[in-house]
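Subject: Structure handover and notes on helix packing

Dear colleague,

Please read them with the coordinates open.

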Amino acid sequence: MNPTDEQTAAADAFHAGEHLALQAGAGTGKTTTLALLAHTTQRRGRYLAYNRAIAQDATRRFPANVWCKTAHALAYAAVGHRYTGRLNAPRRPAWQTGQALGITKTLPIGERDLSPKALSYATLRTVARFCHTADEAITRHHVPHLRGLEDRDLHSQLAAHIVPFAKKAWTDLQHPDDGAVRFDHDHYLKIWALSQPRIDADFLLLDEAQDTNPVVEQVFLAQRGHAQLVMVGDSAQAIYQWRGAKDVMTGFDGTQLALSRSFRFGPLLAEEANRWLHIAGAPLRLTGTDAVPTELGPLTRPDA
């Protein structure tokens, strides 16, 4: 392939050793660009993929000097393998877990009487929310807001009750062999992150950066002292904020470049896309590829 001017600029910044954030629009060849960078160096690299399927596909496209893994795979190799027995444990109802933690009484707050089942669910949600953050300890701001308890004082009462149980649950999760709380993949990822791991690589490539959890962002940014950091993504395609993800690209301390030429459609569709990107307040505008046939018009039976 002949690289575009934007891809060439990214390669130049990469070879200059700059930390790099690439805003890459739909169909602009972001993974192709990262592979291009990787093929031009013999340094040891790590490609951090959002999920296993992307990592497996990247392994076929990247050279042997770049290992393609998910953050969970790195965490599993480091600490997660110790918890294999707990990972395979059967699911259990939240109330049953709560009972094992000592949640046995109804709690009246405001106009609500919170059952042990509701309190158990809130406790497990608190731990899950903590695991998505870069925080070092569970505090009241990890406690979810429950319907009817949106008032600050009411939520404070709830948090005061939930936090001790959530901390007890987190302590339970530290035991590799057995415990009351069902152990899942986000738990060992958080345990790994709290150990302040050092990823052994000369450069790191973070894909889908717009949907990175703060816990993964923390690990990634902590490698800045010994590794060159390159992140790529599209702030306009962030879809996992509901589970704690955040767009880490906008405030990244490094060179900001863009991949705006889409190989997926022609100029007409790019023009229409840019109208919506403007409405959405996105930081990027797209350019279409003349060679890609594109028609715009009404459909009698639209299917998207």
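For the helix pairs described here, an axis is a line fitted to C-alpha atoms over the stretch in contact, and an angle is taken between N-to-C directions, running from 0 to 180 degrees. Please keep in mind throughout that this is a predicted model.

With that in hand, helix α7 (residues 116–131) and helix α9 (residues 185–194) have axes that come within 9 Å and cross at roughly 50°. Since angles of 65 to 115 degrees count as roughly perpendicular and those under 35 as roughly parallel, α7 and α9 are therefore oblique to each other. The crossing in which α7 passes α9 is left-handed. On the α7 side the contact is made by V127, F130 and C131, while α9 contributes D186, H187, K190 and L194; sorted by class, the contact of α7 with α9 has 4 nonpolar, 1 polar and 2 charged residues.

Helix α7 also packs against helix α6 (residues 94–101), at an angle of about 85° and with the two axes 8 Å apart, and α6 and α7 are therefore roughly perpendicular to each other. In this contact A94, W95, T97, G98, Q99 and L101 of α6 meet K117, S120, Y121, T123 and L124 of α7, and the classes come to 5 nonpolar, 5 polar and 1 charged residues.

A further pair is formed by helix α1 (residues 5–15) and helix α2 (residues 30–38), which pack at an angle of about 40° with their axes 10 Å apart, and that makes α1 oblique to α2. The crossing of α1 and α2 is right-handed. Here Q7, A10, A11 and F14 in α1 meet T33, L36 and L37 in α2, so that by class the contact of α1 with α2 has 5 nonpolar, 2 polar and no charged residues.

Technical notes: Residues numbered from 1 in each chain as written. Predicted model: local features only at pLDDT ≥ 70, side-chain atom pairs only at ≥ 80, totals over all residues. Heavy atoms only, no water. Helix = DSSP H or I, 4+ residues; strand = E, 2+ residues; numbered from the N terminus. Parallel < 35°, antiparallel > 145°, perpendicular 65-115°, else oblique. Left-handed = near helix turned anticlockwise from the far one by under 90°. Contact = heavy atoms within 4.5 Å.
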